[in-house]
Amino acid sequence: MTREQLFEQILNKKSYLCIGLDTDPLKLPQHLLDLEDPVFEFNRQIIEATADLCVAYKPNIAFYEAQGPQGWVSLQKTLQVIPKDIFTIADAKRGDIGNTSELYARAFFENMDFDSVTVAPYMGADSVKPFLTQAGKWVILLALTSNAGSQDFQMLRLEDGNEEYLFEQVLRTSQEWATADQLMFVVGATQADYVQRVRQVAPDNFLLVPGVGAQGGSLEEISRLGMNRQCGLLVNSSRAIIYASSGYDFAERAREAAFAVQREMEKLLEELL
Ligand SMILES: O=c1ccn([C@@H]2O[C@H](COP(=O)(O)O)[C@@H](O)[C@H]2O)c(=O)[nH]1
């Protein structure tokens with residue numbers, strides 16, 4: 001999917017919501033547990049109930065890997081029921097020496113046909129570039145993550161004369177590897193204080209923003225500080241949407257939770273674009 005197509009989706013749906021499919025078998029509604037593939041059935045109903053309200057789905061791969069071979073089957077089946085015009089993100093946080101990264105890229109882009117994969121920048125250029133070889137496929141590089149541990153490395157000051165944070169160096173250097181047509185960055189909603197700094201270095205790139213909902217980040221704040229001319233934001237919410245109810249009405253309640261976010265996004269788009 002191109003940047004223009006993504007922006008078109010955002011305008012059509014008046015939404016920049018990404019729904020995280022962090023589907024934990026231990027949290028599934030009781031009535032699904034006797035089915036052949038409860039994880040898939042849960043995802044299928046969530047997708048059916050929310051597809052008109054979001055522009056992206058982000059399965060976090062850990063939740064599927066943890067289930068062994070059946071988890072990969074559930075993931076593959078889930079991908080098949082996501083409408084083709086919706087952007088898909090494999091939240092896998094991969095990155096390794098070049099030939100290994102090549103195989104990760106094949107797994108997520110060719111085998112599973114995801115539109116994008118999250119990649120850790122720590123191993124540098126040769127670990128990221130193998131994910132950038134296919135047109136229409138995206139790298140979403142971890143820049144400033146939503147968790148407390150982001151302080152440990154990402155917020156270190158570099159002694160380079162500019163006193164930049166390490167995350168700013170990640171944003172700057174990685175833009176030598178790919179344009180904003182193929183490269184997004186993860187920036188946590190809990191990092192609103194630094195979003196203006198992110199936008200100074202990366203004005204055009206889309207940002208994948210986890211951390212609203214369960215982690216307490218503010219959609220309004222991150223949108224005011226981070227939106228660019230093409231919106232430039234995919235704001236993710238996982239638990240607050242998919243686990244809005246654990247009963248028979250789980251899909252209906254997930255839709256209500258997604259609708260509330262979409263309505264807020266619609267207002268913000270009207271005001272800020
Ligand atoms: O900095 C990051 C990077 C990734 N995540 C992932 O996003 C979702 C957030 O889930 P919520 O339930 O909405 O909190 C989850 O898959 C994380 O692994 C992140 O939170 N922060």
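The structure is a predicted model, in which local features were considered only at a pLDDT of at least 70 and side-chain atom pairs only at pLDDT 80 or more, whereas totals for chains, interfaces and linings use all residues. Residues are numbered from 1 along each chain as its sequence is written, and side-chain values rest on heavy atoms, with hydrogens and water left out. The mean pLDDT of the protein is 97, and 100% of its residues reach 70 or more, pLDDT being the predictor's confidence in each residue on a scale from 0 to 100. For the complex, the predictor gives an ipTM of 0.99 and a pTM of 0.98.

The ligand is surrounded by 16 residues, of which the closest are D22, N60, S146, Q215 and R239; a residue is counted here if one of its heavy atoms lies within 4 Å of the ligand. Strands β3 and β8 (233-237) each supply at least two residues of this shell, where strands (E, at least two residues) and helices (H or I, at least four residues) are DSSP runs numbered from the N terminus. A polar side-chain atom of R239 lies 2.6 Å from a ligand oxygen, while a polar side-chain atom of K58 lies 3.1 Å from an oxygen atom of the ligand. Of the 460 Å² of accessible area that the ligand has on its own, the protein covers 88%; accessible areas come from the Shrake-Rupley method with a 1.4 Å probe, and for residues only the protein chains shown count as cover.

Side chains of opposite charge can pair when their charged atoms come close. The structure holds 17 salt bridges, each being a side-chain nitrogen of Lys or Arg within 4 Å of a carboxyl oxygen of Asp or Glu. One of them joins D52 and R255 at 2.8 Å, N to O. This pair links distant parts of the chain, 203 residues apart, with D52 in the loop between α2 (38-50) and β2 (56-59) and R255 in helix α11 (residues 250-272). D52 counts as partly exposed because its relative accessibility is 43%, the classes being buried under 20% relative accessible area, exposed over 50% and partly exposed in between (1.4 Å probe, protein chains only). R255 is likewise partly exposed, with a relative accessible area of 32%.

A further salt bridge joins R172 and E164 at 2.1 Å, N to O; R172 is partly exposed at 40% relative accessible area, whereas E164 is buried at 7%. R197 and E168 also meet in a salt bridge, at 3.1 Å, N to O, and this pair connects helix α8 (residues 195-201), which holds R197, with helix α7 (residues 166-174), which holds E168, across 29 residues. R197 is partly exposed, with a relative accessible area of 28%, while E168 is buried at 4%. Elsewhere, salt bridges that share partners join D249, E252, R253 and E256 into one network.

I97 lies in the loop between β3 (87-94) and α5 (98-111) and is partly exposed, at 46% relative accessibility. By contrast, F206, in the loop between α8 and β7 (207-209), is buried, with a relative accessible area of 0%. F206 and G226 are 20 residues apart in sequence and 9.4 Å apart in space, C-alpha to C-alpha.

Positive phi values occur at two residues other than glycine, K14, with phi near 50 degrees, and D113, with phi of about 60 degrees. K14 is placed in the loop between α1 (3-13) and β1 (17-21) and is partly exposed at 37%. D113 belongs to the loop between α5 and β4 (116-119) and, at 48% relative accessibility, also counts as partly exposed.

Terms used
Polar contact = N/O pair within 3.5 Å; in protein donor to acceptor, adjacent residues only side chain to side chain.
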